[in-house]
Amino acid sequence: MRSAARNRLVDRAFRWVGLLATLVSLLLLALFLADILHAGVGRLSWAFLRGLPSRFPERAGIYAALLGTVWIGAITALVAVPVGLAAAVYLEEYGAKSRWAALVEINISNLAGVPSIIYGLLGLEVFVRFWHLGASVLAAGCTLALLILPILIVTTREALKAVPHTLREASYALGATRWQTTWHQVLPAASGGILTGLILALARAVGETAPLVVIGVLAYVPFAPAGPLDEFSALPVQIFNWIARPQKAFGADAAAAIIVLLIITFGLNGGAIYLRQRWRQRLP
Amino acid sequence: MKRPHERLIEALLALSAGLTVLTTAGIIWILAVETWHFFRQVPLGDFLTDTQWTPLFAEKHFGIWPLVAGTLLTTAVAVAVALPLGLTIAVYFTEYASARFRQVVQPLLEILASVPTVVYGFFALTVVTPALQAVVPGLAGFSALSAGLVMGIMILPFVSSLSEDALTAVPHRLREASYALGATRLQTAFRVMVPAASSGITVAVILALSRAVGETMIVAIAAGQQPRLTANPLVPIETLTTYIVQVSSGDVAYGTLEYNTIFAAGSTLFVLTLLLNNIGYWFRRRHQQQYA
Amino acid sequence: MARMHTIRRARLGWAAAFLGLAGCNEKSAENRIRLDGSSTVFPITEAVVEEYARVQPAARITVGVSGTGGGFQKFARREIDLANASRAISASEQRACRRQGYAALTVAYDGLAVVVNPANTWVKSLTVAELKKMWEPAAQHHVLRWNQIRPEWPDAEIHLFGAGVASGTYDYFTKAIVGTAHASRGDYTASEDDNVLVQGIATDRLALGFFGFAYYEANRKALRLVPIDDERAGNGAGPVAPSLATVENKTYAPLSRPLFLYVSGPAARRPAVQAFLRFYLAQAPRLAREVGYFPLPAAEVGQQQTLLADFVARSQQVKTIALAAPPAP
C-alpha cells in the first residue's frame, strides 16, 4: 500500500517534470528571441534597410542582401515549381503502380535527408563550373531549387491526395482524359495545399546559408543583382559575414539583419499555416 | 488525336519525376569522381587510419578521423540534450497534457524547427558560449559543447514530434490494460508505452542524429576550425561540414588536391547520413509491420 | 470558370516573371570591377570601394576574400581584374600571369602583429627563434605547452591561431620566421579570415596568433600585442613593437612588409579601372591609417602613381604580345 502511494506521488511529480521540460524549451526559444530583439532592434531603421554594406558598423545596411534574397527566392520558385508540380502529378495521378514510380519515391525520401551542404557541392560542380554560370544568382537559385524539390514534391502529393476521388471520377464519367481531369479539376482543387507547400519550402530556401557559401558568394557585394548572371549577396550570408567580425557593433548589425530574416521566415510560415486552414475548410 | 498528346504529357511528367533520380545520380557522380581523384594521390589506408588531418600544410596528414570525431562529438552533445528533453515532452503530451494544451504548445515548438540555422549560430556564439564560460572553467571560445547544446535545441522538435507520433501509434488497448492492472500514468508511460513505441522512438533519434551530423552553420560559427582527434567537448574542434565551408570560402582551384579534399570530406558526410537515414527507414518499416 | 481564370492568370504571371528575369541583361559590364585576394588588404580595399561609391555611384565593384594565393589563382584565370596581396607574387604565379601581364602597386605597409589574450600575464616579448620553435613543421604534435618555449612559463597548453595556407600572411610569416615559405605545423586553428582568429584569441587565455596589424588595431581592447626581438644587433636592440616609426624604418623586423594591389594588362586598358586605381592610390594613405595600417610616405605615393601611368600606357600599346612585368618589389 505504501508503495502505491509512492507511485502516485512520483506520477504527480512527473506531471511537473514534463511541464517543466516543455516550459524550459519554450523559455529557451523566448530567451533567444528576446536576446536578438534586444541586440538588434536599436539598429532597425529605414536607413538600415536601404543602406549598403560598410566598414563602419553604424552605417552598414542590408539593401543589397535583401534584394539578393528576393532574387534567389524568385528564381528558386520559378525553377522548382514546374518540375516539382510535374513530378508530384506524375507520382500521384499516373505512375502509382509502376516500378519506376517506386524507385523515384525511395529516391525522394533519401534526397530529403541529404545535408544542404552536399547540395552546395552539387551546385558548385554542375551549375558554377560545368554550366559556367559562375557564382551567380541563377546558380544559387538552381541549387536551392534542387534542395527544396523533395519537400515540394511531398507536400504537393499530400495536397493532391486530399482531393476527393469523387471529383476525378465525375470528370472521367463525363469523358475527360486523365490529363484534362488533372489540369482542369484536380490541380485547381488542390491549389491551396500546393501553395502552402511552396511557401513552406521557400521559407526553408531563403534561410539556407551553407550551399551559398560553398557556391562562392563573395564577402563584399554592395549592390543588388541586375540580372540572373550577376553576383549577389544574400541575407543569411550577410549575417554570417557580420557574425564573423569580432567588433561588437557588427553584432548589432547581425542581430538587426536576423530580425529581418526572422520576420520573412515567420511571415512565410505563418502565411502558409493560415492558407492551410482556409484550404482545409473549403474541401468537403 | 488525344492519345499521343496524352502520352507525350505523361512522358514529360515522368521525366520531371526522373529529375530527382538525376539529382541523386549527380550527387553520387561528383562525389565519386572527385573522391577517386583524391584517392589516386592519397592511400586509402592513410585516410582511414591516420589520426591527424593537415592536408594543406608542409607535413601532410590525411586521416579523416579528426573531422569525424568532431562531427560525432557535437552530435553526441546535441542528442544528449534533445533525447531526454524530447522524450519527456512527448510522454507529457501523450499521457498527461490536455488536447488544448497540445494545440497551443505544439506549434510553438515547431517554431524551433523553422528558425534558420545561421541564427542559431549567432545565439551560440554570443549568448551560450559566454554563459557557459562563466560556469565551466577553461572553456575555450569555440567548443563542441556550446555548438552541441544549441544543436540539441534545434533538433528538439524532431525528437519530440516523431516520438509523439510513435507513442500515439501504440494501440489504446495496451494503455487500458496497464491501467486496468492498477499502474499509474508514469508507470504506464515508461514501462509499457515507451517500450512498445521503442522502434518508433529509435527512428526519431536516428533521424535527429542524421540532421545533426549534416548541420553546418551552427558548428561553423561556434565549434571552431581546428581538426583534432579528441573526446573533450571544451576545446575547439572541426567537423566535416565546417572543413568544407572553410576551404570553399578560400578559392578552390579546380583539380588541385585541396579541391579534392573537400569532396573526400563530402563523401564521408554523405555516406554517414545515407547510412543513418536508411537504417532509420528500415527501422520504421519494421515498426509499421508490428501493428499491421 | 473562376478557377480557370485563376489558373490562366497564374500561368501568365509565371511566364512573365521568367521572361522578365531572363531578359535582364548586364547593362553595366563596363563598370564592373572584380577584386579578390588577401584578407589582410581587404579592410583597405573595402574602405576605398566604399569611398569610391560616393564619387562614382555607377561603379559596381565586388571584393572577395579568398586569401592571397586564392586571389592570384583567380587573377591568372582572368576571373578578377585586381588582386589584393599581402606578399609578392611567386615564381609559379608569375608564369601563370605572364601572358596577360601585370603590375604590382604598393598601397600600404603592415607590421604583422603577434598577439595574445590580455589575460596572458607571462609573455612579455618573444624572440624570432622562439616563434620558430612554436611554428616550424617539427613542432607539429610535439611543442604543445608554454613551458616548452621558456621553462619559467606555465605548464599549460598553447592554443595557436594563424592564417590558412591560401593566405599571403601565412606565406610571409612562414618565410620570415621559419625560413621557408609554406613550412609550418598543421595542428592549429587556421583561417584565411582574420576575424575568426581575432575572435578565437580574444576568448582564450592560452591563445597566441598572428595577423595583419589592422586587425589588432581594430580590436585593441580584446588583445595584447607582443613585441618581437629579432636578435640582430644592427636592427635596433631588444624587442620591438610595430608602430608607424618602427615599420617605416624597418626596425620591426622581420615582420614588416608591404601590401600590394596587382592589376592585369587587360584590366589596365579599361578607363573605369584606371580611374578607380588612381583614386585608390590617392586615398590609400588616409584610409590605410584609418583602418590601422601604416601609410606610404608621400614620395612613394608619387612613385606608385607613375608606375601605374607607365603600365597603363604600355598596356594600351602592346595588346597581344606578352608584357614584360616590372620587377616585383
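Modeller: Start with a cut-off: a residue is called buried if 20 or more other C-beta atoms lie within 10 Å of its own. Keep in mind that this is a predicted model.

Colleague: What makes α5(A) mostly covered?

Modeller: Set the helix against that cut-off. In α5(A), 13 of the 15 residues are buried. So the helix counts as mostly covered.

Colleague: How do you know that the length of α5(A) agrees with a helix?

Modeller: The rule is 1.5 Å times one less than the number of residues. Helix α5 of chain A covers residues 116-130, which is 15 residues, so it should span 21 Å. Its end C-alpha atoms are 20 Å apart, and therefore the two agree.

Colleague: Where does α5(A) bend?

Modeller: The bend is at G123(A), by about 35 degrees. That angle lies between axes fitted to the seven residues ending there and the seven starting there. After the helix comes H132(A), with a positive phi near 55 degrees.

Colleague: Now chain B. What is its secondary structure?

Modeller: Chain B has 12 helices and 2 strands. Along the sequence the pattern is α-α-β-β-α-α-α-α-α-α-α-α-α-α. Its C-alpha atoms fill a box of roughly 80 × 70 × 35 Å along the principal axes.

Colleague: How much of chain B is buried?

Modeller: Of its 292 residues, 54% are buried. As for contacts in chain B between residues at least 6 apart in sequence, 74% join residues at least 24 apart.

Colleague: How do you know that the span of α6 of chain B agrees with its residue count?

Modeller: Use the same rule again. The 26 residues of this helix, 144-169, should span 38 Å. The end C-alpha atoms lie 36 Å apart, so the values agree.

Colleague: Where does α6(B) bend, and which proline follows?

Modeller: α6(B) bends by about 45 degrees at I155(B). The proline is P157(B), within four residues.

Colleague: What makes a residue part of the contact of chain C with chain B?

Modeller: Two residues are in contact if their C-beta atoms lie within 7 Å. The contact takes 27 residues from chain C and 20 residues from chain B. On the side of chain C, α3 (68-76), β8 (189-191) and α7 (194-202) each supply at least two residues. By class, that side has 7 nonpolar, 15 polar and 5 charged residues.

Colleague: Which domains does chain C have?

Modeller: The domain assignment gives domain 1 (32-109 + 257-317) and domain 2 (113-254). Their C-alpha centres lie 27 Å apart. Between them, 19 residues of domain 1 of chain C are in contact with 18 residues of domain 2 of chain C. On the domain 1 side, α3(C) gives the most, with 3 residues. By class, that side has 7 nonpolar, 10 polar and 2 charged residues.

Colleague: How confident is the predictor in chain C?

Modeller: The average pLDDT of chain C is 85, and 87% of the residues score at least 70. Over residues 23-27 of chain C the pLDDT is below 50, and this stretch has 9 contacts in the model beyond near neighbours in sequence. Over residues 320-325 of chain C the pLDDT is also below 50, with 11 such contacts.

Colleague: What scores does the complex get?

Modeller: The predictor gives the complex an ipTM of 0.90 and a pTM of 0.87.

Key
Residues numbered from 1 in each chain as written. Chains lettered and ligands numbered in written order. Predicted model: local features only at pLDDT ≥ 70, side-chain atom pairs only at ≥ 80, totals over all residues. Nonpolar A, V, L, I, M, F, W, Y, C, P; charged D, E, K, R; others polar. Domains from an automatic or database assignment. pLDDT = per-residue confidence, 0-100. Buried ≥ 20, exposed ≤ 12 C-beta atoms within 10 Å, placed from the backbone.
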